[in-house]
Amino acid sequence: MPDINSYPTLPAALKANLRDDLSVTFIEGTNNESSITYRQLHERALELLGYFQSQGLRPGDELIFFLKNNAVFIEAFWACLLGGIVPVPVAVGISDEHRSKLMRIFRRLEKPHLLIDRKAAELLQNYASSQKQEAAYAEIAARMLLAEDMLSADLTGRRGDEHHPGPNDLAFIQFSSGSTRDPKGVRLTHANLITNVVDLGNRSGYTPDDISLSWMPLTHDLGLIGFHLNMVVFGMNQNIMATDVFSRRPLLWMQKVSEKRASILSTPNFGLKHYLKMYESRNDHQLDLSCVRIILTGAEPISVGLCHQFLETMARHGLNRSAIFTAYGLAEASLAASVPIPGKEFEHVIVDRNSLGPGETVRYMREDEPGAVKFAVEGPPVDHCGVRIGDADGNEYGADTVGEIQLKGPNVTAGYYNDPESNRELFTPDGWLRTGDLGLMHKGQLVITGRLKDIIFVNGQNYYPHDLEAIALAPGKLELGKVVALGVRNNDSDHDDILVCVLFRGDLKDFLPIAREVKLVLNEQAGLDVTHVLPVQRIPKTTSGKIQRRFFAQGYLQGDYDGVITELAKLQQSTEGKQVVNVDGLSEAAHKIKFICDNILPDKRIGVQDNFFEIGLSSLDLAQIHERIDEFYPGILDITDMFDHPTIEALAVFIESKQVA
């Protein structure tokens, strides 16, 4: 078992495990896989390093990764580490917000380059032109490396010159999510990362006999650090499933776990929910999950009820009750801050929701008492990470008292990259990192209770309220300071209800178009299904001008808005209503698409002219619909086409035009 002194850097860990019986397997489908041994990975990375150096990259330069292909990502990532080039992973998405974020990150870096595929580069250029940012794109294009050019280059015998970093040298930069705000780049050194992956692996009892399988994106810290780097350091075989494959075919996840005899898995809430939804639609599952030791569950607030449901459902396939492994972490801690003791069933506490204010000592209660809410227990702190509960001034609270979770240790970042303003707010006066999360210590274990900064959690992603407010304002029909976005979690729900409160005094009939516009723009721009858009009479603020979102959350949970929600629903039905469609006059393609939609989403009656984004389809819904359409019309429809043709009727016309062509 390695300790934090076993390897000074990540390249040293890889070189210690250059064996042909250790490999990374990339899963792209049922019968679509590729593997590379650790020895081959090292050789391939040195060849790619030679290519990068031939393109002018030097130690200390930053290379943004805007890639979907996991194999290319991993090989290029290690090429950077071996050459002292700083990787900067950025999530590839289908919306303009992802391209906007990429351009803002490029501006934040000192000596940036960009690794991207040709199609994504074309979309980036089109976006820049539409935003009149041609000059900014030209600067990026001058430092752009196309993945296709890299893959087609003859790299035989062109090994690059290795750079030998020190433990405190920057390994890579993990940027936060963010749409309209400037994202923050977490600086992670080799020492930060080695410390944390060793702590996580040792706490979890990893051995070389363990096999991992993850579908988390490599641009996410859990995917890259927790389920790639961790396995390299511990000399484990690993499997990486493409995230979009899981989105489209969630049942393949456990099929591959059973086939590969994987013992270490990961998922946030929405992965459990997405899998169970598809699992319950079939009855032909042939699985043996007795191999599974750990399902690392985190990345968003954990639903106790959903965890129990998953364990109970999968028990028929041999899944152990102790498999769910609820943990807490964040990129600023190099991933893990608290992790449970393996072999125990996961624990939860039940407290009075009215005792969760900062500085309050919680009241524990029975599940059947009014106001009871459940929170998962997420284990004791890992060995080299100090965790305390306190306030912004550095005052520490005692056990069972709610406060901000604060961290200190060799796994904790020294700060954000080129962001002095954010760094000034990041640490307490006595040097503890402020996470912005609320929690308490219960019997030596961490319990997460909320978000100090009101971050909204949906489908494993973090959304900042002011980001969503800015998107809602974008059409220009609402005023700054008169829109409030927030997430509210009901008791044991597995997701946040998303509310947008709009200052409005007038007839509710006049509010309907506003609500429709807000839902539409947030679905199109952020991929979110807003639960309710509510008219409010006032927006309370603190003396310093900060919106008091908790005021609206409390009112929602207490039922203060039930009347207006009911009235708006009645008005919606009477004025707009659902389109009733006579499908007899539809084309063959439209018939098939409607059949697919009705089967995948039986609770939504989708008319042929209903806009997918107006009725609140999620990205996972769209992915499943796209997969089924592709079965009928293989290779014709790209999922991005669904954004250009967002109705059944429009999709049918598009598909038929492609068939004629």
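# A guided look at helices, salt bridges and buried residues

Met-150 lies in helix H7, where a helix is a DSSP run (H or I) of at least four residues and a strand is a DSSP run (E) of at least two, each numbered from the N terminus. The model is predicted, so local features need pLDDT of at least 70 and side-chain atom pairs count only at pLDDT 80 or more, while totals for chains, interfaces and linings use all residues. Residues are numbered from 1 along each chain as its sequence is written, and side-chain values use heavy atoms, with hydrogens and water left out.

**Buried residues**

- Let's stay with Met-150 for a moment: its relative accessibility is 1%, so Met-150 counts as buried. Buried means under 20% relative accessible area, exposed means over 50%, and partly exposed is in between (1.4 Å probe, protein chains only).
- Which residues does Met-150 touch, not counting residues up to four places away in sequence? They are Leu-48, Tyr-51, Phe-52, Val-72, Leu-115 and Leu-155, and contact here means heavy atoms within 4.5 Å.
- Ser-212 sits in strand S9, which covers residues 211-214. Its relative accessible area is 0%, and therefore Ser-212 is buried.
- Setting aside residues up to four places away in sequence, Ser-212 touches Phe-227, Met-231, Met-236, Asn-237, Gln-238, Asn-239, Ala-262 and Ile-264.
- Asp-61 belongs to the loop between helix H2 (38-54) and strand S3 (62-66). Is Asp-61 buried or exposed? With 7% relative accessibility, Asp-61 counts as buried.
- The contacts of Asp-61, again without residues up to four places away in sequence, are Gly-56, Ile-85, Val-86, Lys-111 and His-113.

**Two crossing helices**

- Helix H12 (residues 269-279) and helix H13 (residues 304-314) have axes that come within 10 Å and cross at roughly 40 degrees. The axes are lines fitted to C-alpha atoms, for helices over the stretch in contact, and the angles run from 0 to 180 degrees between N-to-C directions.
- H12 and H13 are therefore oblique to each other. Angles under 35 degrees count as roughly parallel, over 145 as roughly antiparallel, 65 to 115 as roughly perpendicular, and the rest as oblique.
- From H12, the contact is made by Asn-269, Leu-272, Lys-273, Tyr-275, Leu-276 and Tyr-279. From H13, Leu-306, Cys-307, Gln-309, Phe-310, Thr-313 and Met-314 take part.
- What kinds of residue make up this contact of H12 with H13? They divide into 8 nonpolar, 3 polar and 1 charged. Ala, Val, Leu, Ile, Met, Phe, Trp, Tyr, Cys and Pro count as nonpolar, Asp, Glu, Lys and Arg as charged, and the others, Gly among them, as polar.

**Salt bridges**

- How many salt bridges does a search of the whole structure find? The search finds 28, where a salt bridge is a side-chain nitrogen of Lys or Arg within 4 Å of a carboxyl oxygen of Asp or Glu.
- One joins the side chains of Lys-15 and Glu-162, at 2.7 Å from N to O. This pair links distant parts of the chain, 147 residues apart: Lys-15 is in helix H1 (residues 10-15), and Glu-162 is in the loop between helix H7 (147-152) and strand S7 (170-175).
- Lys-15 counts as partly exposed at 33% relative accessibility, and Glu-162 counts as partly exposed at 28%.
- Glu-162 has other contacts too: leaving aside neighbours within four places in sequence, Glu-162 is in contact with Lys-15, His-42, Leu-46, Leu-49 and Leu-82.
- The side chains of Arg-39 and Asp-20 also meet in a salt bridge, at 3.2 Å from N to O. Arg-39 is in helix H2 and Asp-20 is in the loop between H1 and strand S1 (23-29), 19 residues apart.
- Arg-39 is partly exposed, with a relative accessible area of 39%, whereas Asp-20 is exposed, with 53%.
- Glu-43 forms a salt bridge with Arg-159, and their closest N and O atoms are 2.9 Å apart. Glu-43 is in helix H2 and Arg-159 is in the loop between H7 and S7, 116 residues apart.
- Glu-43 is partly exposed at 34% relative accessible area, and Arg-159 is partly exposed at 46%.
- Salt bridges that share partners also join Glu-33, Lys-256, Glu-259 and Lys-260 into one network.
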